[in-house]
Amino acid sequence: MKEDYYIGWGTLALINAGIAQGKNRTGFNWFCLSLFLGPLATFILLFVEKRVQ
């Protein structure tokens, strides 16, 4: 059961990295942040505006 928790947390971090890249943000930074914050990082990404290049 504990392994499932880690797999889900890691998958969420990968999803957050993809969302961040879609908003022109650094995917690796958001991946690392998501490992610590988890679902809270997803919530933050929902409200972050897309960065204009």
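These are my notebook entries on a predicted model of one protein.

**Ground rules.** I worked from a predicted model, where local features need pLDDT of at least 70, side-chain atom pairs count only at pLDDT 80 or more, and totals for chains, interfaces and linings use all residues. I number residues from 1 along each chain as its sequence is written, and side-chain values use heavy atoms, with hydrogens and water left out.

**Fold.** I found three helices and zero strands. Helices are DSSP runs of H or I with at least four residues, strands are E runs of at least two, and both are numbered from the N terminus. The order along the sequence is α-α-α.

**Extent and surface.** I looked up the C-alpha trace, which spans about 45 × 15 × 15 Å along its principal axes. I find 23% of the 53 residues buried, meaning under 20% relative accessible area with a 1.4 Å probe, protein chains only.

**Contacts.** I took contact as heavy atoms within 4.5 Å. Of the contacts with a separation of 6 or more, 51% join residues 24 or more positions apart.

**Helix 1 against helix 2.** I checked helix 1 (residues 2-22) against helix 2 (residues 27-37): their axes come within 8 Å and cross at roughly 145°. Axes are lines fitted to C-alpha atoms over the stretch in contact, with angles from 0 to 180 degrees between N-to-C directions. Helix 1 brings W9, G10, A13, L14, N16, A17, A20 and Q21 to the contact. Helix 2 brings G27, W30, F31, S34, L35, F36 and L37. I note 10 nonpolar, five polar and no charged residues there, with Gly counted as polar.

Technical notes. Buried < 20%, exposed > 50% of the residue type's maximum accessible area, 1.4 Å probe, protein only.
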